[in-house]
Amino acid sequence: MRVLGIDPGSRVTGFGVVQVLRNGRLQYVASGCIRLPAGSLADRLKAVYDGVSEIIHTYQPTVFAAEKVFMARNADSALKLGQARGVAVLAGANRGLTVSEYSAREIKRAVVGTGGAEKPQVQHMVRALLGLDRAPPSDAADALACAICHAHHAVGQGALGRGMRGRTAGVPA
């Protein structure tokens with residue numbers, strides 16, 4: 001499984017791609033930031049869509065994970081963030097990818113162990129979990145954390161499914 005994680009933004013959208021190996025370990029593939037142009041919201045949204053589409057074409061993920069929108073400082077910011085997230089998700093859906101969504105707290109809990117982790121803690125744990133020489137920029141680290149969160153959930157679901165095979169409902173193993 002190859003996971004594309006997206007940290008949507010109306011100015012910068014982070015992306016991170018990780019490969020889940022057969023043994024369940026994670027391998028770093030790529031990460032970075034889509035820096036959006038100054039100008040109209042429509043131009044910035046097009047840049048998000050085009051950027052995510054290009055990343056999907058280049059890295060060929062098999063699944064897509066995005067951070068859910070949270071209430072920003074004000075309603076206008078939340079609306080713009082939601083639109084950026086929407087076009088990123090649309091780019092994945094248009095390529096036939098299954099889209100999963102996680103709250104910021106779920107992502108931080110999966111990567112750091114606490115939902116209230118600060119950005120430097122997320123960057124540090126992403127670096128440690130993926131064996132990187134240095135911490136990625138915060139937007140890319142958040143996107144990688146989203147991909148790691150999805151990978152942990154998927155691997156856990158797979159293990160749960162394997163553990164339940166052959167059991168009869170209501171009968172202990």
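Reader: Let's start with Gln-123: is Gln-123 buried or exposed?

Author: We sort residues by relative accessible area, found with a 1.4 Å probe on protein chains only: buried means under 20%, exposed means over 50%, and partly exposed is in between. Gln-123 counts as buried because its relative accessibility is 18%. Keep in mind that this is a predicted model, where local features need pLDDT of at least 70, side-chain atom pairs count only at pLDDT 80 or more, and totals for chains, interfaces and linings use all residues. Residues are numbered from 1 along each chain as its sequence is written, and side-chain values use heavy atoms, with hydrogens and water left out.

Reader: Where does Gln-123 sit, and what does Gln-123 touch?

Author: Helices (H or I, at least four residues) and strands (E, at least two) are DSSP runs, numbered from the N terminus. Gln-123 belongs to helix H4, residues 119-130. A contact means heavy atoms within 4.5 Å. Not counting residues up to four places away in sequence, Gln-123 touches Ala-135, Pro-136, Pro-137, Ser-138 and Ala-141.

Reader: Which residues does UniProt list for "active site"?

Author: UniProt positions use the numbering we have here, feature names are shortened, and annotations may be inferred rather than shown by experiment. The unreviewed entry lists Asp-7, Glu-67 and Asp-139 under "active site". They are spread over 133 residues of sequence, yet they cluster in space, with a largest C-alpha distance of 11.5 Å. The unreviewed UniProt entry also lists Glu-67 for "binding site".

Reader: Why does Glu-67 count as buried?

Author: Glu-67 has 11% relative accessibility, so Glu-67 counts as buried. Glu-67 lies in strand S4, residues 63-67. Leaving aside neighbours within four places in sequence, its contacts include Asp-7, Arg-85, Tyr-102 and Cys-146.

Reader: And what about Asp-139?

Author: Asp-139 is partly exposed because its relative accessible area is 23%. You'll find Asp-139 in helix H5, residues 138-164. With neighbours within four places in sequence set aside, Asp-139 is in contact with Asp-7, Val-12, Gly-14 and Cys-33.

Reader: How do I read Lys-80?

Author: Lys-80 is partly exposed, since its relative accessible area is 26%. Lys-80 lies in helix H2, residues 75-94. Beyond neighbours within four places in sequence, Lys-80 contacts Ser-10, Leu-41 and Arg-44. Lys-80 and Arg-44 are 36 residues apart in sequence and 10.0 Å apart in space, C-alpha to C-alpha.

Reader: How many residues does the largest nonpolar core have?

Author: In soluble globular proteins, nonpolar side chains tend to be buried together. A nonpolar core is a set of buried Ala, Val, Leu, Ile, Met, Phe, Trp, Tyr and Cys residues joined through side-chain atoms within 4.5 Å. The largest one here has 21 residues, and Val-3, Val-126 and Leu-130 have the most contacts inside it. H5 gives the most to this core, with seven residues. A second, separate core of 20 residues includes Leu-36, Ile-55, Ala-84 and Val-89.
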